[in-house]
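Please keep the sequence and the structure in view while reading.

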Amino acid sequence: MKHFVLLILLASFFTACKSTSPIVTSKKERNSRSENKKTERLVEQLIDVATKNIGVRYKYGGTTKAGYDCSGLMYTVFNSENIVLPRNSYAQSKIGVVLNQKKDQVQKGDLVFFKTNKSNQINHVGIVIEANDDEIKFIHSSTSKGVIISSTKEPYYRNTLVQINRVL
């Protein structure tokens, strides 16, 4: 009986006097942070590839330094990181999560889509390189200037912007 009482006292002592340990995030939280860092690095690499193409001329159907069309540039940029996008801007607009132009949610690496002709179909795409409350800057291949950086502050792009997608 003495041993039993002693055993109960020892058990209650060790459970009551548990030492405090530092806060450890759950495995899920650590993985989430790790995934976010990987995504941020990936986005920076994609933007770097796109930026290195600034000045390359426009070429309908182009996917090389000899010339890009808008969707060809996105196709090539994402392919550089083994991410396969559809080949045309309309099909590219069907992947990822549509942000419905919620500019407060737009991030680097998102794709911006435009309807720049009279049809009701998306026909132009770019990649976001900077976003704040009143402006989105993006890299794209324009028919007149080739691969450039443009802004939604420009009336042409402000008036033709129709969709923003997160693909990463």
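The model is predicted: local features need pLDDT of at least 70, side-chain atom pairs count only at pLDDT 80 or more, and totals for chains, interfaces and linings use all residues. Residues are numbered from 1 along each chain as its sequence is written, and side-chain values use heavy atoms, with hydrogens and water left out.

**The sheet**

- An open sheet is formed by 6 strands in the order β3-β8-β4-β5-β6-β7, with antiparallel pairing.
- The edge strands, β3 (97-98) and β7 (146-151), each pair on one side only.
- Strands (E, at least two residues) and helices (H or I, at least four residues) are DSSP runs, numbered from the N terminus.
- Two strands pair if DSSP finds at least two bridges between them.

**Strand pairings**

- Strands β3 and β8 pair in the antiparallel sense over 2 bridges, and Val97 stands opposite Arg166 in β8.
- Strands β4 and β8 are antiparallel and pair over 4 bridges; here Phe114 stands opposite Leu161 in β8.
- Strand β4 (residues 111-114) is also joined to β5 by 4 bridges, again antiparallel, and Val112 stands opposite Gly126 in β5.
- Strand β8 (residues 161-166) is largely enclosed by the rest of the structure, because 5 of its 6 residues are buried.
- Buried means under 20% relative accessible area, exposed over 50%, and partly exposed in between (1.4 Å probe, protein chains only).

**Helix across the sheet**

- Helix α3 (residues 70-79) lies across β4, β5, β6 and β7 and runs at about 65° to β5.
- Axes are lines fitted to C-alpha atoms, for helices over the stretch in contact, and angles run from 0 to 180 degrees between N-to-C directions.
- Contact means heavy atoms within 4.5 Å.

**His124**

- His124 belongs to strand β5 (residues 124-132) and counts as buried because its relative accessibility is 9%.
- The side chains of His124 and His140 make a polar contact at 2.8 Å.
- A polar contact is a pair of N or O atoms within 3.5 Å; within protein, one must be able to donate a hydrogen and the other to accept it, and residues adjacent in sequence count only if both atoms are side-chain atoms.
- Not counting residues up to four places away in sequence, His124 touches several residues, including Cys70, Phe114 and Tyr157.

**Ser142**

- Ser142 lies in strand β6 (residues 135-142) and, at 6% relative accessibility, counts as buried.
- The Ser142 side chain reaches the backbone nitrogen of Lys145 at 2.9 Å.
- Leaving aside neighbours within four places in sequence, Ser142 is in contact with Tyr58, Ile148 and Tyr157.
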